[in-house]
Amino acid sequence: MSYNEFNNLIQSHRSIRKFTNEKVSDDVLENVIESARRAPTSHNVQAYSLLVIRDQAKKEKLAQLSGNQKYVAECPVFFVIIADYYRLKRVSELHNEPFEVGEIEQVMVGSVDAALVAENLLLASRAYGLGGVMIGGIRNQLEEVAKLLELPEYTFPVMGLCIGYPDQLPEQKPRLPKEAIVFYDKYDLEKVEEGLRSYDTITEQYYRERTNGQKTDPWSKQMAKHFAKVNRPQVEGYLKKQGFLKG
Ligand SMILES: Cc1cc2nc3c(=O)[nH]c(=O)nc-3n(C[C@H](O)[C@H](O)[C@H](O)COP(=O)(O)O)c2cc1C
C-alpha cells in the first residue's frame, strides 16, 4: 500500500453502525488481531486483553448493557478491549515482589494501551474493507459486563468495538478546525476562541442538514450539555473494587 492509500484509509474514517450479513472470516480476524497486538505499549507492560465476542446471546446482553445500542448485537464481530493487570499481578507473585497499581497512573497506562489496540483493530479491519464503531457504552454497567465476561480482579473494560462489512456510508463528521487543535511552540487561547466560533457554524449546518432540521445544536452546545452532568460516576467505585485507585 502506498502512503497515499494509507493516508486515504485513515482520513476516510467515519464510524459505521450498520452492517451487512457477510461474515468476517477467521483468516481476516486473525490478521486483524495480529495487527492489534503490534500496537506500542507503555513500558512494554501490555496491560490489555481482547475479548472476541462470538456468542450471539452474549452480544445481545452486551448491546442491552451498553445502553441498548443495537449494532452491538448486529455486528458480526464484537470486541471488548479491557485494561488488564491480572497477568502483571501474577508475575509479581511469581517473583515475590509487591504489586503497586493503586495510582491513577496505572489506570491511564491501561486505558492508553487498550485505546491503541482498539485503533489498530479498527484500522487493520478497514484495510479489509470492514468498518466499525467504538463503544464506550460498555462502561455504563461495568459490574454486569464483568460478570457476564467473567473478568478477574485487576481488569476493567475500556471500550467495545463493533466490526463488520459496512451497509452504510455516512457523511464524514466535521472535526474541529486544525488551527484550534494544532499549536506551534506554544498554546494559543485566541485560536481556540476563533476555532470554537467557526466550528459552531459548520456543525450547526451539518446537524441541521443531516437530521432534516431536527437537531440544530452546534458542537459547543452539545458539549456544554454533556459536561453539565457527571458522566458515569459508577466507574470510580468499580475501579476501586477491582484493585485500582487505592493510592
Ligand atoms: C472511546 C470511544 C467510545 C465511543 N463510544 C460510542 C458508543 O458507545 N456508541 C456510539 O454510537 N459511538 C461511540 N463512539 C463513536 C463516536 O461517537 C464517534 O467516533 C464520534 O462521534 C465521531 O464520529 P466519526 O467516528 O464518525 O468521525 C465512540 C468513540 C470512541 C473513540
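Which residues are linked in a network of salt bridges? I found Lys89, Arg90, Glu93 and Glu153 in that network. A salt bridge here is a side-chain nitrogen of Lys or Arg within 4 Å of a carboxyl oxygen of Asp or Glu.

Notes on sources. I am working with a predicted model, in which local features need pLDDT of at least 70, side-chain atom pairs count only at pLDDT 80 or more, and totals for chains, interfaces and linings use all residues. Residues are numbered from 1 along each chain as its sequence is written, and side-chain values use heavy atoms, with hydrogens and water left out.

Entry 1, lysine 89. I placed lysine 89 in helix 5, residues 86-94; helices (H or I, at least four residues) and strands (E, at least two) are DSSP runs numbered from the N terminus. Is lysine 89 buried or exposed? Lysine 89 counts as buried because its relative accessibility is 17%. The classes I used are buried under 20% relative accessible area, exposed over 50%, and partly exposed in between, with a 1.4 Å probe and protein chains only.

I looked up the pair of lysine 89 and glutamate 93, whose side chains form a salt bridge at 2.8 Å, N to O. The two are 4 residues apart in helix 5, so about one helical turn separates them. Glutamate 93 is partly exposed, at a relative accessible area of 37%.

Glutamate 153 is partly exposed, with a relative accessible area of 39%.

How many salt bridges does the rule give? I have the count at 12 salt bridges. One I looked up is lysine 221 with aspartate 217, where the closest N and O atoms are 3.9 Å apart. Lysine 221 is partly exposed, with a relative accessible area of 42%.

I took the bounds from an automatic or database domain assignment, which gives domain 1 as 3-170 + 230-241 and domain 2 as 178-216. The C-alpha centres of domain 1 and domain 2 are 29 Å apart.

I found glutamate 193 in helix 8, residues 189-210. Glutamate 193 counts as partly exposed because its relative accessibility is 45%.
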